[in-house]
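Subject: Structure handover

Hello,

Here is the structure to look through. My notes on it follow below.

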Amino acid sequence: MREAAGITFINHMLSPGFCIAAPPANPMFEDIHLRLGCETAKEGIHFDYDGTTPTPLYVIDTRGNKLKHFLNKMIASFGLLEEDKHEDEGLIALSDREKEVVELLVKGYTNLEIAGSLYISEITVKKHLSNIFRKLDVKNRTQLINKYIKITK
């Protein structure tokens, strides 16, 4: 039964999506879930097993590009892949125009200044930035700049 539950959970983890697990409150289960890359859900506690013991919920998000990042991280944890070598794959995924936008952004240009330098509209700059954020799995300009600096060191 436990083996089947474990296999089912791993199958869910390897499918793009949002996976939530609620194993019994046991140090072994906690260790397994954390080693598999799950995070403890904030304020996610239930008492379903015995009605008195607080039991945490574990969450893993493998939607979009996060699945590839998760799998690379898992493979790296086994020593089969150096995770840092694959950090620059994000830049490879960018188009030449997107790379130009990132380089100007890192120099401190505003969207309007980037648009003027590249002879495109400000709306086009915003669309490029949205695509760049998605491809590099960042949420804002600061994260983008930090990731770019880390990758190009």
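In which sense do β1 and strand β3 pair, and over how many bridges? The pairing of β1 with β3 (residues 55–61) is antiparallel, over four bridges. Two strands count as paired if DSSP finds at least two bridges between them. Strands are DSSP runs (E, at least two residues), as are helices (H or I, at least four), numbered from the N terminus.

This is a predicted model: local features need pLDDT of at least 70, side-chain atom pairs count only at pLDDT 80 or more, and totals for chains, interfaces and linings use all residues. Residues are numbered from 1 along each chain as its sequence is written, and side-chain values use heavy atoms, with hydrogens and water left out.

The sheet

Three strands make up an open antiparallel sheet, ordered β1-β3-β2. At its edges are β1 (18–21) and β2 (39–46), each pairing on one side only.

Within β3, Tyr58 is the bridge partner of Ala21, and Asp61 stands opposite Phe18. Side chains alternate along β1: Cys19 and Ala21 point to one face and are buried (under 20% relative accessible area; exposed is over 50%, partly exposed in between; 1.4 Å probe, protein chains only).

Just after α5, Gly108 has a positive phi of about 100°.

Regards
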